[in-house]
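This briefing goes through selected features of the structure shown below, grouped by topic.

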Amino acid sequence: MATQKNKALGKLRSEERVLGYIFASPWLIGLIILGVFPIALSFYLSFTNYDMLGAPGFIWFTNYRILLSNDSLFYTALFNTLYHVAISVPLGLLVGIILALLLNSKIKGMGIYRTIYYLPNVVSVVAMSLLWLWLFQPSFGLVNNLLSPIYNFFKMEPLLWYQSSDMSKITLILMGLWTAGGSMIIYLAQMQDIPSELYEAADIDGANGLQKIFKITIPLMTPSIVFNFIRGLIGGFQDLTVSYIMTKGGPGHSTYYYSYYLFDKMMSDNAMGMASAMAWILLVITLVITMGALSLNKYVFYLGDQS
Amino acid sequence: MEVNKNNEKIENNEVEITTNVIQKPFMTRKRKKLIHDIIIHMVLILFGTMFIFPFLWMLTTALKTNSELLQGTDVLFPAVPQWENFRLAIKAVPFFLYIKNSFILVFFAVAGTLFSSTLTAYAFAKLEWPGRDALFVVMLATMMIPMQVLLIPTYIMYAKIGWLGTRLPLIVPFFLGGGSAFYIFLLRQFFKGIPKDLTESAIVDGASHFKIFIKIMLPLTKPALITVTLFTFMFVWNDYFGPLIYLSDPDHLTIALGLRAFQSQYSGRYNLMMAASILTMLPTLLIFFFAQKSFIEGITFSGIKG
């Protein structure tokens with residue numbers, strides 16, 4: 001019986017060396033056609049003046065030089081994006097963690113709360129943008145209506161939100177918090193992996209609720225915090241839909257993000273070489289920040305195996 | 001005498017202690033739990049209101065007349081609900097055509113994603129082949145590449161083979177695992193969770209890997225498959241830039257593009273815009289409610305461990 005089993009398994013082991021490639025072939029083909037080749041092509045194009053019409057002419061570092069030394073809009077867009085990411089990513093992490101901590105307690109109706117908090121993630125960015133255009137509408141919108149007692153009390157002018165260049169970025173950041181439920185789900189998933197013995201041991205040692213949160217829950221959540229942090233960064237650098245639909249990058253380029261500029265270079269100007277150079281600068285920025293985040297790994301606690 | 005008295009005292013003490021243990025802490029713990037629960041509920045309801053209120057405001061706005069719109073919170077509910085607004089929104093643009101087009105893309109994207117990601121995840125989870133672990137790292141790394149790096153060259157590629165203006169760039173990549181690194185990771189976690197004994201005994205009985213994949217793996221990982229389906233559905237249904245870049249035929253436009261076109265046509269008519277937004281959201285909301293239990297289970301099980 002045992003030898004028969006080993007024989008069957010042994011035969012399959014040798015088959016697996018080929019079968020693995022067959023099973024993974026859709027993805028492997030995709031990796032080459034839609035991954036490796038485009039990356040190489042994009043890198044090459046970033047050194048050319050390709051515009052979809054003629055053949056690409058190799059111009060060395062000209063695209064990079066123009067962008068970095070001779071393009072104020074490039075820096076405006078980069079600044080807007082860094083500003084957005086620097087505020088929205090930590091704020092989103094904080095809200096996501098707080099929601100997850102609240103939703104991790106064992107009380108009735110948890111399923112309903114989870115659904116409600118997750119719900120905004122189901123809405124399309126276009127519909128969400130239209131909704132918040134209306135909510136933040138300065139004269140008749142809900143937000144200013146609700147804030148009017150405060151405006152009256154401090155005798156101040158109502159805020160213009162996305163219609164003013166001072167407030168537009170903040171408006172988009174606040175809006176983004178509405179979808180914090182997306183990261184909350186991932187935190188919750190990890191919290192449920194924390195063995196209850198740890199909490200029971202803490203109870204015996206007389207720890208209070210806050211101590212348990214800061215000494216057990218949050219340290220053991222660090223893998224998903226790092227995951228959400230990197231996800232937030234990458235998403236934050238790429239996102240342009242909200243500003244594209246709500247503000248068209250305005251007022252006065254105040255919500256003109258890096259990826260928006262890149263998109264304009266690509267689709268409006270057909271400047272594929274320049275747009276590729278921008279994409280590679282974005283890749284380097286993303287990689288540097290991600291590596292920085294991953295170097296925090298020594299502060300990350302893993303339960304059980306390190307895989 | 002004295003000894004007896006002492007004994008009695010001790011006994012009394014003991015009785016007191018035991019009653020203490022049974023009654024007093026029990027009551028306070030119960031009361032403490034109750035207070036704790038009430039506070040949590042109150043905080044959750046407060047936050048929950050902030051998350052759900054925009055939806056309610058959307059609905060009441062959609063039912064308002066134009067003049068009620070301008071009165072802000074003075075009119076919480078419209079005097080007479082204007083269901084007419086929904087009819088106007090549907091008639092203003094070829095709404096059902098857009099819905100149909102979105103469903104076409106969703107159908108192929110879901111089929112393609114399920115096809116490529118389950119097979120690949122099985123290869124990573126249950127098969128041993130040279131280069132597997134290195135390729136797995138490569139797969140995780142692809143999640144970090146900004147889509148713009150890939151978008152420009154793939155756009156040029158599609159232009160060269162004449163796919164611009166067709167639906168193909170929005171369908172074919174899903175069959176080749178495009179954008180599904182996260183799903184492959186998720187499914188791999190699920191497949192790995194299925195005990196080895198189960199597959200090995202099937203192998204001894206003469207089953208092939210393909211049979212194990214179809215007959216054992218897929219049925220046992222339904223929550224994960226539902227999660228992947230739901231994510232893909234929502235992504236494609238809500239995607240704005242993909243269709244914007246690749247579609248040009250007015251007969252192919254999707255609901256996200258349609259809603260945007262509606263906005264530029266009726267800017268300022270927030271009641272109509274909200275009615276149209278609600279209509280576009282309905283399919284995703286319905287599917288989410290329908291599948292949400294498996295969906296939450298699907299993510300929860302994956303246990304992302306960094």
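Phe61(A) lies in the loop between α2 (25–45) and α3 (62–70) of chain A; helices (H or I, at least four residues) and strands (E, at least two) are DSSP runs, numbered from the N terminus. The model is predicted, local features need pLDDT of at least 70, side-chain atom pairs count only at pLDDT 80 or more, and totals for chains, interfaces and linings use all residues. Residues are numbered from 1 along each chain as its sequence is written, chains are lettered from A and ligands numbered from 1 in the order in which they are written, and side-chain values use heavy atoms, with hydrogens and water left out.

**Backbone**

- Most residues other than glycine have a negative phi.
- Trp60(A), which is not a glycine, has a positive phi of about 50 degrees.
- Trp161(A) likewise has a positive phi, near 50 degrees, and is a residue other than glycine.
- Trp161(A) is placed in the loop between α7 (142–153) and α8 (168–176) of chain A.
- Is Trp161(A) buried or exposed? Trp161(A) is buried, at a relative accessible area of 6%.

**Second largest pocket**

- The volume of the second largest pocket is about 1,400 Å³.
- Of its 34 lining residues, those closest to the centre are Ser105(A), Gly209(A), Lys212(A), Ile213(A) and His36(B).
- Two or more lining residues come from each of α4 (72–103), α5 (110–118), α10 (196–204) and α11 (209–238) of chain A, and from α2 (24–62) of chain B.
- The largest share of the lining, seven residues, belongs to α11(A).
- By class, the lining holds 17 nonpolar, nine polar and eight charged residues; Ala, Val, Leu, Ile, Met, Phe, Trp, Tyr, Cys and Pro count as nonpolar, Asp, Glu, Lys and Arg as charged, and the others, Gly among them, as polar.
- On a 1 Å grid over the protein atoms alone, a pocket is an open set of points with protein on both sides within 12 Å along at least five of seven lines, and lining residues have an atom within 4 Å of a point.
- Grid points are joined across faces, edges and corners, and a volume is the space filled by probe spheres set on the points.

**Salt bridges**

- How many salt bridges does a search of the whole structure find? Over all chains there are three, a salt bridge being a side-chain nitrogen of Lys or Arg within 4 Å of a carboxyl oxygen of Asp or Glu.
- Lys212(A) pairs with Asp203(A), and their closest N and O atoms are 2.8 Å apart.
- Lys212(A) is buried at 18% relative accessible area, whereas Asp203(A) is partly exposed at 43%.
- Glu84(B) pairs with Arg87(B), with 2.9 Å between the closest N and O atoms.
- Both Glu84(B) and Arg87(B) lie in helix α4 (residues 84–92) of chain B, three residues apart, about one turn of the helix.
- Glu84(B) is partly exposed at 39% relative accessibility, and Arg87(B) is partly exposed at 44%.
- Arg132(B) pairs with Asp133(B), the closest N and O atoms being 3.2 Å apart.
- Arg132(B) is buried at 18%, while Asp133(B) is exposed at 53%.

**Separations between residues**

- Leu147(A), in helix α7 of chain A, is partly exposed at 26% relative accessible area.
- Leu147(A) and Leu159(A) are twelve residues apart along the chain, and their C-alpha atoms are separated by 9.4 Å.
- Pro169(B) lies in the loop between α7 (147–160) and α8 (172–175) of chain B and is buried at 6% relative accessibility.
- From Pro169(B) to Leu59(B) there are 110 residues in sequence and 35 Å in space, C-alpha to C-alpha.

Methods: On a 1 Å grid over the protein atoms alone, a cavity is a set of points where a 1.4 Å probe fits but cannot get out, and a pocket is an open set with protein on both sides within 12 Å along at least five of seven lines; lining residues have an atom within 4 Å of a point. Buried means under 20% relative accessible area, exposed over 50%, partly exposed in between (1.4 Å probe, protein chains only).
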